[in-house]
Amino acid sequence: MSDLPFTLDQLRILKAIAVEGSFKRAADSLYVSQPAVSLQVQNLERQLDVPLFDRGGRRAQLTEAGHLLLSYGEKILSLCQETCRAIEDLQNLQGGTLIVGASQTTGTYLLPRMIGMFRQRYPDVAVQLHVHSTRRTAWSVANGQVDLAIIGGEIPGELAESLEVIPYAEDELALILPVFHPLAKLEKIQKEDLYKLQFIALDSQSTIRKVIDQVLARCEIDTRRFKVEMELNSIEAIKNAVQSGLGAAFVSTSAIAKELQMGVLHCGNIENVVVKRTLWLIFNPNRYRSKAAEAFSQEILPQFANPGWNQDVLTLAQKNIVLTTLDIATPTSLGED
């Protein structure tokens, strides 16, 4: 073909329909009329000479050709975004965008502090924080939608060769109790005491619950013996429940700094046990790294990392960035971490 049979606008429309599930919602998300969307799709199908949507059902379903075009279209649009950001960088941090990813706990309690510090130094840089499951965050980094991320769960095995994964910091998990609980008066708590407590936990299917169970198991604490009286869907809800005297819980120490300072929660010390998990810094060494991302990596990340963390790996990767298009698709399974 001497001329491309599609435009970037048509690819954006195709992606919007696939995401929204209907022509009308796609039109609303793009702030255009539904007839304009329908006309663009008709023109695209005529230019390609293949149907892209199965119009028999209530929801707009892509045909095989539609899925194929969407797969390549997302890569094209992603590379276009990288190009725009590279051009913005010519302004030398007097603008541009930094996109940081995080799993649930790090995104709620750690990254806002880091981003606040960065914004004080570079107020003209637009910063976005994407908080999702570890799996979804890792795919976003691999696909170039996120510059770098700090996560607490396991990286999907299929991304092992695409991402650089660096141990970044240790996140301690604390046993929190109501301040008026009898065990709160003890200097040390025995492991066996844990099995007498009533626990409040996240949903058993959530990723972060599984991570906590794995970390405790390495400390020879059998969470299967815990009396879980209540399951909630957020760390904040768990903290409020413990504060109200409904039970005990294990949460990240980064999530309870304010409550400990205010004296509304008690952090119990378990005899001869320190429960920690590793937080990981992930980035894609084969994707374009903006000057904003470099500044964040060099100036902000070291201030929150473990002493002696391997920043050389990150610096080396920044010096050997290659613009490339990776053969990576969007994940379909999401979880919480």
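Predicted model: local features only at pLDDT ≥ 70, side-chain atom pairs only at ≥ 80, totals over all residues.
Trainee: OK, on to the rings. How many aromatic pairs are there?

Mentor: The count comes to 7 aromatic pairs.

Trainee: Why is the pair of Phe118 and Tyr122 called tilted?

Mentor: Their planes are at 40°. The ring centres are 5.1 Å apart, and pairing asks for centres within 6.5 Å. Phe118 and Tyr122 are both buried.

Trainee: And what makes Phe118 and Phe296 edge-to-face?

Mentor: The planes of Phe118 and Phe296 are at 70°, and over 60 counts as edge-to-face. Their centres are 5.6 Å apart.

Trainee: Where in the chain do Phe118 and Phe296 come from?

Mentor: From distant parts: Phe118 is in helix α6 (residues 111-121) and Phe296 in helix α12 (residues 291-304), 178 residues apart. Both are buried.

Trainee: Which residues form an aromatic cluster?

Mentor: Tyr195, Phe199, Phe226 and Phe250 form one. Tyr195 also has the charged end of Arg225 over its ring.

Trainee: How do you know that the charged end of Arg225 sits over the ring of Tyr195?

Mentor: The distance to the ring centre is 3.8 Å, and the limit is 6 Å, along with a position within 35 degrees of the ring normal. Lys75 does the like with Tyr72: its charged end sits over that ring, 5.0 Å from the centre.

Trainee: Switching to helices, why are α2 and α3 called roughly perpendicular?

Mentor: Helix α2 (residues 23-30) and helix α3 (residues 34-48) pack at about 110°. The label covers 65 to 115 degrees, and therefore α2 and α3 count as roughly perpendicular to each other. Their axes are 8 Å apart.

Trainee: Which residues make the contact between α2 and α3?

Mentor: On α2, Phe23, Lys24 and Ala27; on α3, Gln34, Val37, Ser38 and Val41.

Trainee: What makes helix α7 largely enclosed by the rest of the structure?

Mentor: In α7 (residues 134-142), 7 of the 9 residues are buried, so the helix is largely enclosed. Buried means under 20% relative accessible area. The residues that pass are Thr134, Thr137, Ala138, Trp139, Ser140, Val141 and Ala142.

Trainee: What covers the buried residues of α7?

Mentor: The cover includes β3 (97-102), β5 (148-151) and β11 (276-283). After α7 comes Gly144, with a positive phi near 80°.

Trainee: Which residues other than glycine have a positive phi?

Mentor: Among them are Asp49, with phi near 65°, and Asn272, with phi near 60°. Asp49 lies in the loop between α3 and β1 (53-54), while Asn272 is in the loop between β10 (266-268) and β11.

Trainee: How do you know whether Asp49 is buried or exposed?

Mentor: Its relative accessible area is 67%, and exposed means over 50%. Asp49 is therefore exposed.

Trainee: What about Asn272, buried or exposed?

Mentor: Run the check again: Asn272 has a relative accessible area of 74%, so it's exposed too.

Terms used. Residues numbered from 1 in each chain as written. Heavy atoms only, no water. Phe/Tyr/Trp six-rings, centres within 6.5 Å; stacked < 30°, edge-to-face > 60°. Buried < 20%, exposed > 50% of the residue type's maximum accessible area, 1.4 Å probe, protein only. Helix = DSSP H or I, 4+ residues; strand = E, 2+ residues; numbered from the N terminus. Axes fitted to C-alpha atoms, helices over the stretch in contact; angles between N-to-C directions. Parallel < 35°, antiparallel > 145°, perpendicular 65-115°, else oblique. Contact = heavy atoms within 4.5 Å.
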